[in-house]
Amino acid sequence: MQFKCFSCFLCDKEQSEIQNEKEKKKRDYPWEIYTLKELLRATNNFHQDNKIGEGGFGSVYWGRTSKGVEIAVKRLKMMTAKAEMEFAVEVEVLGRVRHKNLLGLRGFYAGGEERLIVYDYMPNHSLLNHLHGQLAKDCLLDWPRRMSIAIGAAEGLVYLHHEANPHIIHRDIKASNVLLDSEFEAKVADFGFAKLIPEGVSHLTTRVKGTLGYLAPEYAMWGKVSESCDVYSFGILLLEIVSAKKPIEKLQGGVKRDIVQWVTPHVQKGNFTHIVDSKLKGRFDLEQLKSVIMIAIRCTESNPEKRPSMVEVVEWLKGGIGRRKKEIPNLIHTNEDDKYEENYGEIRRTQSKLKIPSDDDKLRIR
Ligand SMILES: Nc1ncnc2c1ncn2[C@@H]1O[C@H](COP(=O)(O)OP(=O)(O)OP(=O)(O)O)[C@@H](O)[C@H]1O
Ligand SMILES: [Mg+2]
């Protein structure tokens, strides 16, 4: 219903200008409908110097409103039917979710060729920037911060999977979509790929979207979407947070290796200290590290049915890294898993052959 109202809004620009005030009062969402003039002024006409970054669907600009509030404006590239749908889905989804670990939507603008989404600006940028980008050398993410970011992002996902109504599968969990506020609290961003899952539906089959290296095998191969695809991506993210390794690494001779392949022999040999990010200079809690890695291994199980729910992940993360450590259930390998392993190997090989998205941020850090 809200989706329909939103589409009408897109179709009838002039009408919408007049309707804005009325609509704002009617909706109980705390979003604003911005004017183009306001956003052009805030971003200095989308000046190159204001550009924070660029993603698959457009560029993100830093701005300051006339009230002095810092904002991030995502300017969608072009209005193909597909992008139009992404925009509508993102606004619809973001408008209804509110949680301390999800990036808040401030508002949007839709008119002519322009589709702009306005978010809270996150002064500490993304995890990607801290793990592999321009901020990596500053090593601002000490061990406790990494652990609280992992728990925060997991709690954001618990909200999407279990508390939002209808449930939401993110489908693009990755380091650039975990933003950090002034206190380094995690905010999961980018619901442009999200699909709203009706009650009682266990999974949907759909076109594969998402980012290589983070894709669950059943999603990449058969397009099967369920909450456990996000659990898989979250497992990859956990490994990335503790090791600062990329989900897929290029080795000499052009061979590519994913992070699970890299971590597995270390875990088998009990070489946990080889896994942790060397930039931490040994300042980490070994027991917590072991817990996190075991949780990540459970999350990246080939068989989606063997992966935990995000509720369990949060419980284990809190239990495993809190004072009263809870034991994380051990892995039990069954013949059933071999079937998945065969296919899993195949998808690993396929993902490794494809081009890795560039994450050398040539982007300005404000
Ligand atoms: N609200 C925000 N505050 C600060 N930085 C942001 C904000 N929103 C996005 N960014 C940063 O801008 C950059 C581009 O984001 P964008 O979401 O467009 O692309 P992406 O996440 O890299 O890829 P994808 O298009 O697949 O989501 C990323 O580095 C992201 O972390
Ligand atoms: Mg993003």
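Predicted model: local features only at pLDDT ≥ 70, side-chain atom pairs only at ≥ 80, totals over all residues.
View 1. R307 has 24 C-beta neighbours inside 10 Å. The threshold for burial is 20 or more, so R307 counts as buried. Its contacts, leaving aside neighbours within four places in sequence, are S228, V231, Y232, R298, C299 and E301. One of these residues, V231, is 76 residues away in sequence from R307. In space the C-alpha atoms of R307 and V231 are 7.2 Å apart.

**View 2. Helices α6 and α8 pack against each other.** Two packed helices are described by the distance between their axes and the angle between them. Here α6 covers residues 143–163 and α8 covers 227–243. Their axes come within 11 Å and cross at roughly 175°. That angle is over 145°, so α6 runs roughly antiparallel to α8. From α6, the residues in the contact are R146, I149, A150, A154, L157 and H161. From α8, they are E227, D230, F234, L238, I241 and V242. By class, the residues of this contact are eight nonpolar, one polar and three charged.

**View 3. A cis peptide bond joins N165 and P166.** Omega is about -5° at this bond. P166 belongs to the loop between α6 and β7. Strand β7 takes in residues 167–169.

**View 4. N44 has a positive phi.** The value is near 55°, in a residue other than glycine. N44 is found in the loop that runs between α3 and β2. Helix α3 comprises residues 36–42, and strand β2 comprises 51–55. Is N44 buried or partly exposed? N44 has 14 C-beta neighbours inside 10 Å, so it counts as partly exposed.

**View 5. C139 also shows a positive phi.** Phi is near 45° here, again in a residue other than glycine. The loop between α5 and α6 holds C139. Helix α5 is made of residues 127–131. C139 counts as partly exposed because it has 13 C-beta neighbours inside 10 Å.

**View 6. Ligand 1 lies between domain 1 and domain 2.** Domain 1 covers residues 32–120, and domain 2 covers 127–350. Both give residues to the shell around ligand 1, which is why the ligand is placed between them. There are 23 residues around ligand 1. Those that come nearest are G53, G55, G56, A72 and S126. Which strand gives the most to the shell? Strand β2 does, with four residues. Strands β2 and β4 each supply at least two residues. Residues 70–76 form β4. By class, the shell has 11 nonpolar, eight polar and four charged residues.

**View 7. The whole chain sets the close-ups in context.** The chain has 12 helices and 14 strands. Of its 366 residues, 41% are buried. Take the contacts in the chain with a separation of 6 or more: residues 24 or more positions apart account for 66% of them.

Methods
Residues numbered from 1 in each chain as written. Chains lettered and ligands numbered in written order. Axes fitted to C-alpha atoms, helices over the stretch in contact; angles between N-to-C directions. Parallel < 35°, antiparallel > 145°, perpendicular 65-115°, else oblique. Contact = placed C-beta atoms within 7 Å. Nonpolar A, V, L, I, M, F, W, Y, C, P; charged D, E, K, R; others polar. Buried ≥ 20, exposed ≤ 12 C-beta atoms within 10 Å, placed from the backbone. Near = placed C-beta within 6 Å. Domains from an automatic or database assignment.
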